[in-house]
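Here is a short briefing on one structure. It covers surface, aromatic rings and pocket, in that order.

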Amino acid sequence: MDTFFTTLLVGISLSMDAFSLALIYGTQNINRNNKIILSVIVGMYHFFMPLFGLFFGSLVTNFFIFDISILVSFIFFIIGIEMIISSLK
């Protein structure tokens, strides 16, 4: 059940991202062929990037002895600090 819920959340977040791009493409003055090409590229990106992330993430986790959630928490912490610093500039 946990895997289904995670997959559902990833699907919803990717579809929201694709919808926002569709709104942007619709409001720009882009010809029909370029809209189709952009849509195919974005669709392929949204299909393959989670698969690549899952594959490479499973390879990387085999190299760490400690719990990988500690590393992920540290990375998110650093990104958050960087965002705070860049917003203050």
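A nonpolar patch lies on the surface, formed by Ile36, Val40, Met44, Tyr45, Phe47, Phe48, Met49, Leu51, Phe52, Phe55, Phe56 and Leu59. Together these residues have about 1200 Å² of accessible area. The model is predicted. Three members of the patch, Phe47, Phe48 and Phe52, also form one aromatic cluster.

**Surface exposure in the patch**

- Phe47 is found in helix α2, which covers residues 32–61.
- Phe47 has a relative accessible area of 53%, so Phe47 counts as exposed, because the cut-off for exposed is over 50%.
- Phe48 reaches 36% relative accessibility and therefore counts as partly exposed.
- Phe52, with a relative accessible area of 40%, is also partly exposed.
- Both of these values fall between the limits of 20% for buried and 50% for exposed, which means partly exposed.

**Aromatic pairs**

- A search of the whole structure finds three aromatic pairs.
- One of them joins Phe47 and Phe48, and this pair is edge-to-face. The ring centres lie 5.0 Å apart, with 85° between the planes.
- Phe48 also pairs with Phe52. Here the centres are 6.1 Å apart and the planes stand at 20°, so the pair is stacked. The angle qualifies because stacked requires planes under 30 degrees apart.
- Phe48 and Phe52 both lie in helix α2. They are four residues apart, about one turn of the helix.
- Phe48 thus takes part in an edge-to-face pair with Phe47 and a stacked pair with Phe52.
- Phe47, Phe48 and Phe52 make up one aromatic cluster.

**Largest pocket**

- How much space lies in the largest pocket? The volume is about 190 Å³.
- The lining consists of Thr3, Thr6, Thr7, Val10, Gly11, Leu14, Pro50, Leu51 and Leu54.
- Helix α1, residues 2–27, and helix α2 each supply at least two residues of this lining.
- Which helix gives the largest share of the lining? That is α1, with six residues.
- Leu51 belongs to the pocket lining and is also listed in the nonpolar surface patch.

Technical notes: Residues are numbered from 1 along each chain as its sequence is written. This is a predicted model: local features need pLDDT of at least 70, side-chain atom pairs count only at pLDDT 80 or more; totals for chains, interfaces and linings use all residues. Side-chain values use heavy atoms; hydrogens and water are left out. Patches are made of residues with over 30% relative accessible area and no salt bridge: like charges are joined within 9 Å, nonpolar side chains (Val, Leu, Ile, Met, Phe, Trp, Tyr) within 5 Å. Accessible areas come from the Shrake-Rupley method with a 1.4 Å probe; for residues, only the protein chains shown count as cover. A salt bridge is a side-chain nitrogen of Lys or Arg within 4 Å of a carboxyl oxygen of Asp or Glu. Buried means under 20% relative accessible area, exposed over 50%, partly exposed in between (1.4 Å probe, protein chains only). Rings of Phe, Tyr and Trp (its six-membered ring) pair if their centres lie within 6.5 Å; planes under 30 degrees apart count as stacked, over 60 as edge-to-face and the rest as tilted. On a 1 Å grid over the protein atoms alone, a cavity is a set of points where a 1.4 Å probe fits but cannot get out, and a pocket is an open set with protein on both sides within 12 Å along at least five of seven lines; lining residues have an atom within 4 Å of a point. Grid points are joined across faces, edges and corners, and a volume is the space filled by probe spheres set on the points.
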